[in-house]
Amino acid sequence: LVDAGLARNVRMTGAASTCLVFDGRMIGEHDLEEAVRRAIQPHVPSGRPGAPASWVELQIPTLDLAVNQTWSVEVEEDPGLVPGRNLVACRLVGGENRERFTVTVELHVYGEVATAVSDLSRNTALDPTRFAWAWVDLADEPQGAVVGRETLAGKSLNRSLAAGATLRTSDIDQTPVIRAGDGVDLTITRGSLTVTVQGTARQAGCLGQTIPVRNEVSGRLVHARVTGPGLVEWRR
């Protein structure tokens, strides 16, 4: 009309709106959840022997994602999943498309928790047979409970525990292999020379701890590392 002179004072200003059409499809919620689950599964810790299988709940944000070719979901880095709520960074990969999003992962993994069968006094050496053990979902268990029978090895109670009470990490300490006042074999190493003399422990000590020990030959007080029952080592 403008070219024909039939639209005086009319100017062409372009389209009021634009619609882009491409060859692709929207990703359904179910398909996205399954892809996220496959990506996260290798990071789910395996259960302990005899435990119920570990599993996860997923909360995926509402996303309008479209692709026009093969796609997959990847976890951006090892999330180090722990029992309970975790935030995991994921990305949708499809050709040059890289859409990042965060998934809430509720990890359900099971562990054995100990309950005292009878009253136990302070300083009692911990033996798994003194406790009743039950598999619990650690996502629901309050933090601090002792998990696993192997945890009790070399440990003793630091307070009294009533029958029926759940054993917690705050209730236990490493069992000393040397008590204050015990006579010990003090091994002194200097370069390639090693000698052993009699000593006296001035405080209790667990394996690997450093405690003050009196050298009964020289009368000198040294700080020696506990290497076993009645054995300490001092390197000069």
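Ser54 touches Val44, Pro45, Ser46, Gly47, His108 and Val109, leaving aside its neighbours within four places in sequence. Contact here means heavy atoms within 4.5 Å. Ser54 sits in the loop between α1 and β2. A polar atom of its side chain lies 3.2 Å from the backbone oxygen of Pro45. For such polar contacts the limit is 3.5 Å between N or O atoms; within protein, one must be able to donate a hydrogen and the other to accept it, and residues adjacent in sequence count only if both atoms are side-chain atoms.

This is a predicted model, in which local features need pLDDT of at least 70 and side-chain atom pairs count only at pLDDT 80 or more, while totals for chains, interfaces and linings use all residues. Residues are numbered from 1 along each chain as its sequence is written, and side-chain values use heavy atoms, with hydrogens and water left out.

Ala53 is found in the loop between α1 and β2. Its C-alpha atom is 8.7 Å from that of His108, 55 residues away along the chain. Buried means under 20% relative accessible area, exposed over 50%, and partly exposed in between (1.4 Å probe, protein chains only).

| Residue | Relative accessible area | Class |
|---|---|---|
| Ala53 | 61% | exposed |
| Ser54 | 16% | buried |
| Phe131 | 5% | buried |
| Trp133 | 16% | buried |

A search of the whole structure finds one aromatic pair. The ring centres of Phe131 and Trp133 are 6.4 Å apart and the planes meet at 65°, so this pair is edge-to-face. Rings of Phe, Tyr and Trp (its six-membered ring) pair if their centres lie within 6.5 Å; planes under 30 degrees apart are stacked, over 60 edge-to-face, and the rest tilted.

The largest nonpolar core has 24 residues. Such a core is a set of buried Ala, Val, Leu, Ile, Met, Phe, Trp, Tyr and Cys residues joined through side-chain atoms within 4.5 Å. Val36, Ile40, Val73, Leu92, Phe101, Val103 and Val105 have the most contacts inside it. At least two residues each come from α1 (29–40), β2 (55–59), β4 (72–75), β5 (84–94) and β6 (97–108). Helices (H or I, at least four residues) and strands (E, at least two) are DSSP runs, numbered from the N terminus. The largest share, five residues, is from α1. Another core, of 13 residues, lies apart from it and includes Ile178, Leu186, Val226 and Val232.

Mean pLDDT, the predictor's confidence in each residue from 0 to 100, is 87 for the protein.
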